[in-house]
Amino acid sequence: MSTFLGMPGTRGPSPSAAPDTLAGIGRPEDPLHWGASFPDAARVALENDQLRQNLGRATSTIRTKRANVVGEVPDWEALRDAGSAVKTDVLARLPELLEALERNVTARGGVVHWARDAAEANRIVADLVRAKDTDEVVKVKSMATQEIGLNEALAEEGIAAVETDLAELIVQLADDMPSHILVPAIHRNRTEIRDIFLERMADAPPDLADVPRELAMAARAHLRRKFLSAKVAISGANFAVADTGTLAVVESEGNGRMCLTMPETLITVMGIEKLVPTFDDLEVFLQLLPRSSTGERMNPYTSMWTGVTPGDGPSEFHLVLLDNGRTKVLADEAGRSALHCIRCSACLNVCPVYERVGGHAYGSVYPGPIGAILTPQLTGEQSDLPYASTLCGACYEVCPVKIDIPSILVELRAREVSLTTGSSGDTADRVWSAAMKAASFAMADGARFRRAARVPRLLRAISRNGVIRRLPFPGSLWTRSRDLMEPPKQTFRDWWSGREGQR
C-alpha cells in the first residue's frame with residue numbers, strides 16, 4: 001500500500017475533487033525561508049479570489065470574537081502591561097531561569113536535552129523515537145516543530161509523524177504548509193477540506209459532506225485509532241514554569257490532552273523563550289492568550305504536567321530546549337522583544353497585508369507581522385519581509401504582550417537599506433540629498449511646481465493594468481518592495497483650472 005507522509009494510501013480522487021486545486025505547496029527544505037520573494041509571492045496570492053474570500057471571512061470572524069471578549073475585561077491594558085513585564089524579566093534572566101527549569105524537570109523524573117539548531121533538535125527526537133521501536137508518533141500542534149521541519153526529518157528516518165490537530169491534519173494531508181499561526185488551514189474552505197479528506201484520508205466515509213460536524217467526526221474517527229496505538233507523542237509547549245518544572249499546553253480540541261496523557265513516552269520541543277518564572281505568572285497569560293487567539297474567555301483544554309507521575313500519564317518525559325537563533329535575537333537590543341511573542345496570532349488577524357495575501361506569501365512558518373520581524377532575525381539573512389507592512393500599527397494595538405512590531409519593522413528596514421547600499425549608507429544619502437534639492441527647486445516657484453506636477457503623467461506609458469511594477473534607479477528603490485499606482489491623467493491644478501473656466 002502506498003503511503004503519504006506515513007499515512008495509508010488513498011482510494012483515488014472523489015468525483016467532485018479537483019486535485020490541481022487541492023494540492024498544497026509541498027514541504028520546503030527550510031521552513032523559515034522558502035519560495036519567491038514576498039512581492040512576487042504576494043502578486044500571485046492577490047490573483048486568487050477564493051483565497052481572499054477564505055481569509056477575509058475567517059479573520060473577520062476571529063477579530064469580532066476577540067473584540068467582544070477583550071471588551072469584557074476592565075483591566076485588559078493592565079494585563080497587557082503585566083504580560084510584557086514578565087516577558088522582559090524572563091529575557092533579562094534567561095540563563096538562570098533555564099537552569100532552574102532543567103533542575104526542576106530533572107528532579108521530577110524528566111530528561112532535558114539542549115539543541116543549538118534544527119538539525120540537532122531533529123536528531124535528538126529521532127534517536128528517542130527509534131529507541132522506542134516504533135515507526136509512528138502522534139503530534140500536538142507545535143510551531144517549534146514546524147520551524148525545525150521535524151515531520152520531514154522523522155520521515156527520512158522512516159518514522160511517520162501524524163498531526164492530530166484538525167487544521168494541521170488538513171495541511172498535512174494536502175502536502176501543504178500552514179498559513180496561519182493559530183489556524184493553519186485558514187486558506188482552505190470546507191468544500192476543499194471535504195475533497196482533501198476524500199482524496200487523501202483512506203478511512204474517510206465515501207459519502208462525506210462538507211458539513212463542519214461531519215468533517216470533524218471523520219477526522220475524530222481517523223485519529224482515535226492513532227491515539228490508541230501510539231507509543232510516543234510529540235508536543236510543543238505554550239509555557240514552562242521555571243520554579244516548578246511544569247509544562248503547559250493550551251488547545252481547543254482535546255487532541256492535545258490525548259497525546260499528552262495516553263502514550264508511554266512524551267517528547268516536548270520548546271523554544272527557550274517560552275519560560276515564565278513562577279506558577280503565579282501563568283495567571284496573566286492564561287487570561288491574555290485565549291482572548292487574543294481564539295476569542296475565548298479560557299481555553300477548553302489546559303493541560304499541565306510536571307515531570308513523570310507513576311501510574312498517571314506517560315512513564316517517560318523528554319524536554320528538548322531549542323535555541324535555533326534565539327540567543328542571537330536576544331542579543332539584539334532593538335529586536336529582542338520579538339521573543340515576547342506567545343503565538344496568539346492576533347497581529348495576523350488585524351493585518352491588512354496578511355488578510356489579502358495569506359501566510360504562504362511570507363515564505364516562512366511564521367507569517368504576518370510577527371513573522372516579518374521574527375523570521376529575519378532567526379535566520380540572520382537579508383529579507384524583504386520587513387516591507388510586508390503598511391505600518392498602520394494595528395498589530396501593536398492588539399498584541400497581548402505589547403510587542404512594538406512597527407518600530408522593529410522600521411529598524412529592520414533601516415538595516416536592510418544599510419546592507420544594500422553599504423554600511424555607511426552613502427548611496428542612499430546622495431540619492432536622498434539630490435531628491436530633496438530637486439523638490440526644493442520645484443516647490444520654490446509656483447510655475448515650476450505646476451510643470452513638475454505634470455511629469456509623473458509620463459509614467460502612464462509603462463503602467464500595466466493601472467499599476468507600475470518596475471522603475472529605473474532611483475525609483476527602483478521604491479518599486480523593489482512595492483507597486484506604484486498609475487498617475488492620473490491630469491493634475492488637481494489642471495482639473496481645477498478647467499472647472500473655473502466652465503463658470
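## A nonpolar surface patch

Phe492, Trp495 and Trp496 make a nonpolar surface patch of about 340 Å². Patches are built from residues with over 30% relative accessible area and no salt bridge; nonpolar side chains (Val, Leu, Ile, Met, Phe, Trp, Tyr) are joined within 5 Å, like charges within 9 Å. A salt bridge is a side-chain nitrogen of Lys or Arg within 4 Å of a carboxyl oxygen of Asp or Glu. Areas follow the Shrake-Rupley method with a 1.4 Å probe, and for residues only the protein chains shown count as cover.

Phe492 belongs to helix α23 (residues 492-501). Helices (H or I, at least four residues) and strands (E, at least two) are DSSP runs, numbered from the N terminus. Phe492 counts as exposed because its relative accessibility is 59%. The classes are buried (under 20% relative accessible area), exposed (over 50%) and partly exposed (in between), with a 1.4 Å probe and protein chains only.

## Model and confidence

This is a predicted model: local features need pLDDT of at least 70, side-chain atom pairs count only at pLDDT 80 or more, and totals for chains, interfaces and linings use all residues. Residues are numbered from 1 along each chain as its sequence is written, and side-chain values use heavy atoms, with hydrogens and water left out.

The protein chain has a mean pLDDT (the predictor's confidence in each residue, from 0 to 100) of 91, and 93% of its residues reach 70 or more. Residues 1-20 have pLDDT below 50; this stretch has 44 contacts in the model beyond near neighbours in sequence. Contact means heavy atoms within 4.5 Å. Where pLDDT is low, the predicted coordinates should not be read in detail.

## Helix α10

Helix α10 (residues 190-200) is mostly covered, with eight of its eleven residues buried. Among them are Ile193, Ile196, Phe197 and Leu198. The charged residues Glu192, Arg194, Asp195 and Glu199 are buried too. At the start of α10, a side-chain oxygen of Asn189 comes within 3.2 Å of the backbone nitrogen of Thr191.

## Asn255

Asn255 lies in helix α12 (residues 255-261). Asn255 counts as buried because its relative accessibility is 6%. Leaving aside residues up to four places away in sequence, Asn255 touches Thr164, Asp165 and Phe227.

## Two positive phi angles

Lys402 is not a glycine, yet has a positive phi of about 55°. Lys402 sits in the loop between α18 (394-398) and α19 (405-421). At 24% relative accessibility, Lys402 is partly exposed.

Asn465, also not a glycine, has a positive phi of about 55°. The loop holding Asn465 runs between α21 (446-454) and β13 (467-468). At 81% relative accessibility, Asn465 is exposed.

How values were computed. A polar contact is a pair of N or O atoms within 3.5 Å; within protein, one must be able to donate a hydrogen and the other to accept it, and residues adjacent in sequence count only if both atoms are side-chain atoms.
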